[in-house]
Amino acid sequence: MGKYVIKGGNPLVGEVEIGGAKNAALAILAAAIMTDDVVFIENMPDEADTNVMLQAIESIGAIVERPSRHSVRIHPSHITGYTIDNDYIRKIRASYYLLGSLLGKYKKARVVPPGGCTIGLRPIDQHIKGFTALGAELHNEEGGIIDARADKLEGNHIYLDVVSVGATINIMMAASMAEGKTIIENAAKEPHVVDLANFLNSMGADIKGAGTDVVKINGVKKLHGTEYTIIPDQIEAGTFMVAAAATKGDITIKNVIPKHLESISAKLVEMGCQIHESDDAVRVVATKRLQNTHVKTLPYPGFPTDMQPQMTVALGLASGISIVTESIFENRFKYVNELTRMGACIKVEGSSAIVEGVDKYTGATISAPDLRAGAALVIAALTAEGFSTVEDIMYIERGYEDFDKKLRDLGGHIEKVDSEYDATKFKLKNA
Ligand code: UD1
């Protein structure tokens, strides 16, 4: 199992190209099997989670071709099964999207319950409420598999009790092939909800209002093939923005939609960074010590929970006291212990972290507790005095393509190593 060895202290400077959005790709791959025609998708990230989703749809008979690293052609007409149960799919949260897509197309689905990062309880009651309102019956089989089936799906009026990205996406998929009209109220407005709606519409679905809190779906009998390009990854882009800020660097982040990054840009400006936006790039320049600010995670367009650990790492180096409040997931401060071992001064009180900025972090051996916290700890290590080792990087590789290479290209001293010998070699080279 690999780990990153990092020598901190270098400002990150240069340009970085952002890939396709992981969370959009996961939903789009699940939805791609809702037609019998060929689907061609570009800007597909090459990451562990998206590759697991591709394996999952292959396991029920879809033929998957990779014409290039970032494109995929899917032939769903060969699908013969509706049961998704493999060790690998248990590891990803988005496995549940196959419930919505298989139920919509075939009116039956058997899928293992979702895994993913352990950042909280993450119930799926709103997904179940939505499917049930459309006429499906769901039950848990022995071993935990969720069995969902319906004689037919009929449109309905569904009010989500919590703003849920996953439930909005799942209901949109199933309702696209239900009879009649579905209205989702209190829907999630995240960019990848809109991207999935655009993808389904390009297949002949009739979805209006995605990106607002009321989504209206007129069910259609059939979906057809399409060619589609996935939006850039908002969170990958945000991670590099914060990396620029924390290392006092200057990074131009290319192939982004600046509008999706507004909440992050706004916070970085409050912290004293300069932000220069163009049509499809954002440049973050940090020349002086960061200033404190307060951050509260909220559904889009609020500050994303998936950026909370990275931002806390940057605020841990800012002057003054910052308060970071996590309002989406209840277990998302697990990385704070690791950061404290690097010299951070952070106290977690319930759903808030009180962050007293320190001058610098010091290198340590730390372990990535989940995907985004893992990326945040890498940023901390890149700012730190001395060497750090980041373990459990399989979490980071779930959602960041070539993370270490992109950071190296920006001047970061980071390498993925598989042995103590290679770690020592890195340390001697960078002594
Ligand atoms: C998605 C993202 C994840 C991001 C999160 C919030 C994917 C694959 N993952 O996760 O990266 O952190 O959105 O932006 O896109 N909830 C319920 N009942 C439900 C569903 C959700 O109570 O049935 C709660 C959750 O516990 C959480 C909140 O609603 O407190 C938001 O969760 P949700 O938006 O569903 O997150 P995910 O779709 O799992």
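**Chat: a pocket and a ligand**

Visitor: Which helices supply the lining of the second largest pocket?
Guide: This is a predicted model. In it, helix H2 (48–59), helix H12 (394–397) and helix H13 (403–409) each give at least two residues to that lining.

Visitor: OK, and what volume does the second largest pocket have?
Guide: About 310 Å³. Its lining has 17 residues, and Ala-48, Met-394, Tyr-395, Glu-397 and Arg-398 lie nearest the centre.

Visitor: What classes do the residues of the lining fall into?
Guide: Nine are nonpolar and eight are charged, with no polar ones.

Visitor: And which domains does the lining draw on?
Guide: Domain 1 (3–19 + 232–429) and domain 2 (22–229), with at least three residues from each.

Visitor: Switching to the ligand: which residues come nearest?
Guide: There are 22 residues around the ligand, and Gln-126, Ser-164, Val-165, Asp-306 and Ile-328 come nearest.

Visitor: What does Ser-164 do there, in terms of distance to an oxygen atom of the ligand?
Guide: A polar atom in the Ser-164 side chain sits 2.6 Å from a ligand oxygen. With Gly-166, a polar backbone atom is 2.8 Å from an oxygen of the ligand. For Pro-123, a backbone N or O atom is 3.3 Å from a ligand oxygen.

Visitor: How much of the ligand's accessible area does the protein cover?
Guide: 88% of the 740 Å² that the ligand has on its own.

Visitor: Which helix gives the largest share of the shell around the ligand?
Guide: H4, with three residues. Helix H4 (125–133) and helix H5 (165–176) each supply at least two. By class, the shell has nine nonpolar, seven polar and six charged residues.

Methods
Residues numbered from 1 in each chain as written. Predicted model: local features only at pLDDT ≥ 70, side-chain atom pairs only at ≥ 80, totals over all residues. Heavy atoms only, no water. 1 Å grid on protein atoms, 1.4 Å probe; cavity = no way out; pocket = protein on both sides within 12 Å on 5 of 7 lines; lining within 4 Å. Points joined across faces, edges and corners; volume = space filled by probe spheres on them. Helix = DSSP H or I, 4+ residues; strand = E, 2+ residues; numbered from the N terminus. Nonpolar A, V, L, I, M, F, W, Y, C, P; charged D, E, K, R; others polar. Domains from an automatic or database assignment. Near = heavy atom within 4 Å. Polar contact = N/O pair within 3.5 Å; in protein donor to acceptor, adjacent residues only side chain to side chain. Areas by Shrake-Rupley, 256 points an atom, 1.4 Å probe, with all protein chains shown as cover.
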